[in-house]
Amino acid sequence: MADPQKLRERPPFPAFFALTVGLLAETSGCVSAPSPLTPHASGSVGVPHAGVQTDAVELKKGRSFLRFRPHSRNYWGRPGLVRALQEATAAVDKSIPGGKPLLIGDLSARYGGKIRGHHSHRTGRDVDLLWYVTTPSGVPQNNPGFIRIGSDGFARVQETGEFLRIDVERQWLLVRELMLSPHIRVQWMFCSRDVEAVLIEYARARGEPDQLVWHAESVLLQPGDSLPHDDHIHLRIACSQDESVRGCAGGGPYWPWLPELPRLGALDDSLLTEIATDDPLDTVMDESPNPSVTRGAVSRAQPPAEG
Ligand SMILES: [Zn+2]
């Protein structure tokens with residue numbers, strides 16, 4: 001409860017109001033769109049299910065991936081995410097040549113906000129990745145689109161009745177490359193428990209470092225509040241250090257192995273009051289190279305005479 005005496009001592013509206021709004025916006029992460037009150041907000045702004053983005057980059061056609069909806073407008077994301085997708089799929093191709101391109105679903109709209117068919121995907125930090133698949137005998141195939149992988153690693157294609165198998169080798173490599181990408185911080189890879197089990201079992205059999213497997217086990221998750229994600233991986237990236245001070249927020253845990261985010265110092269009531277009562281004219285007077293500029297001269301400054 002605020003001290004009534006201190007409340008009376010606070011500077012009058014609007015200085016205190018402006019300061020409070022600014023600080024609340026900065027510290028609570030409640031910003032969901034750039035506005036005159038939040039001129040610093042840019043990039044990925046808000047949380048993935050209630051936000052927007054600025055300065056997005058489009059994921060255009062590439063050699064190692066295909067857009068599931070080639071003409072869609074929803075292939076805009078954070079620059080780091082777009083770069084990570086390009087590099088990770090290229091790395092999979094290089095490691096295991098002869099595969100088919102990865103099919104990539106929606107990212108976000110150019111300026112973010114709600115897009116059809118998604119609750120999140122609003123701030124350029126989400127993307128849907130379809131599976132790498134092969135025939136049952138291991139020949140790489142193009143993914144026909146959102147086929148559901150079962151606990152045995154197989155999917156039945158409804159239209160044709162044929163069976164396809166998740167290409168666990170390439171799929172794990174993709175997960176690995178994304179986890180290790182210097183351009184993003186993986187927050188979640190939503191997928192079914194069955195696919196997670198297949199991937200983690202393969203990673204262990206391959207002798208991947210324990211720490212990497214632990215990180216992958218942590219971010220691979222079957223969400224409890226939506227479809228089981230057995231037909232794609234939904235990758236979500238965490239806010240970067242820069243983004244987190246420009247309005248990016250939430251979407252999941254910030255894992256302890258990620259680079260530390262900048263922290264604001266503690267703000268108590270007296271510090272807020274001190275900041276709010278700070279007189280900007282003092283600074284002008286102190287910094288003026290011209291000794292003739294005095295406090296009175298500044299405050300009573302007249303427009304220059306005509307002519
Ligand atoms: Zn998604």
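**Group meeting: a walk through the predicted model**

Okay, let's start with a hairpin. Strand β1, residues 44-47, and strand β2, residues 50-53, pair in the antiparallel sense over 4 bridges. When I say two strands pair, I mean DSSP finds at least two bridges between them. The strands and helices are DSSP runs, numbered from the N terminus: E for strands, at least two residues, and H or I for helices, at least four. Between β1 and β2 sit 2 residues, and Ser44 has Gln53 in β2 as its bridge partner.

Before I go on, a caveat: this is a predicted model, so local features need pLDDT of at least 70, side-chain atom pairs count only at pLDDT 80 or more, and totals for chains, interfaces and linings use all residues. Residue numbers run from 1 along each chain as its sequence is written.

Overall, the chain comes to 10 helices and 14 strands.

Next, a sheet. There's an open one of 4 strands, in the order β9-β8-β11-β10, with antiparallel pairing. β9 (140-141) and β10 (154-156) are at the edges with a single partner strand each, so one side of each has no neighbour in the sheet. Inside that order, β8 (residues 133-134) and β11 (residues 163-166) pair over 2 bridges, and Thr134 stands opposite Arg165 in β11.

Now the helices. How do α4 and α5 pack? Helix α4, residues 168-180, and helix α5, residues 193-205, pack at about 85°, with axes 10 Å apart. The axes are lines fitted to C-alpha atoms over the stretch in contact, and angles run from 0 to 180 degrees between N-to-C directions. The two helices are therefore roughly perpendicular, a label for 65 to 115 degrees. Val168, Gln171, Trp172 and Val175 in α4 meet Val198, Leu199, Tyr202 and Ala203 in α5. By class, that contact has 7 nonpolar, 1 polar and no charged residues.

Last, the core. The largest nonpolar core has 57 residues, and Leu85, Ile104, Leu178, Met189, Leu199 and Leu235 have the most contacts inside it. A core here is a set of buried Ala, Val, Leu, Ile, Met, Phe, Trp, Tyr and Cys residues joined through C-beta atoms within 7 Å. Leaving aside neighbours within four places in sequence, Leu85 is in contact with Leu59, Phe65, Ile104 and Val127; contact means C-beta atoms, placed from the backbone, within 7 Å.

Conventions:
Parallel < 35°, antiparallel > 145°, perpendicular 65-115°, else oblique. Contact = placed C-beta atoms within 7 Å. Nonpolar A, V, L, I, M, F, W, Y, C, P; charged D, E, K, R; others polar. Buried ≥ 20, exposed ≤ 12 C-beta atoms within 10 Å, placed from the backbone.
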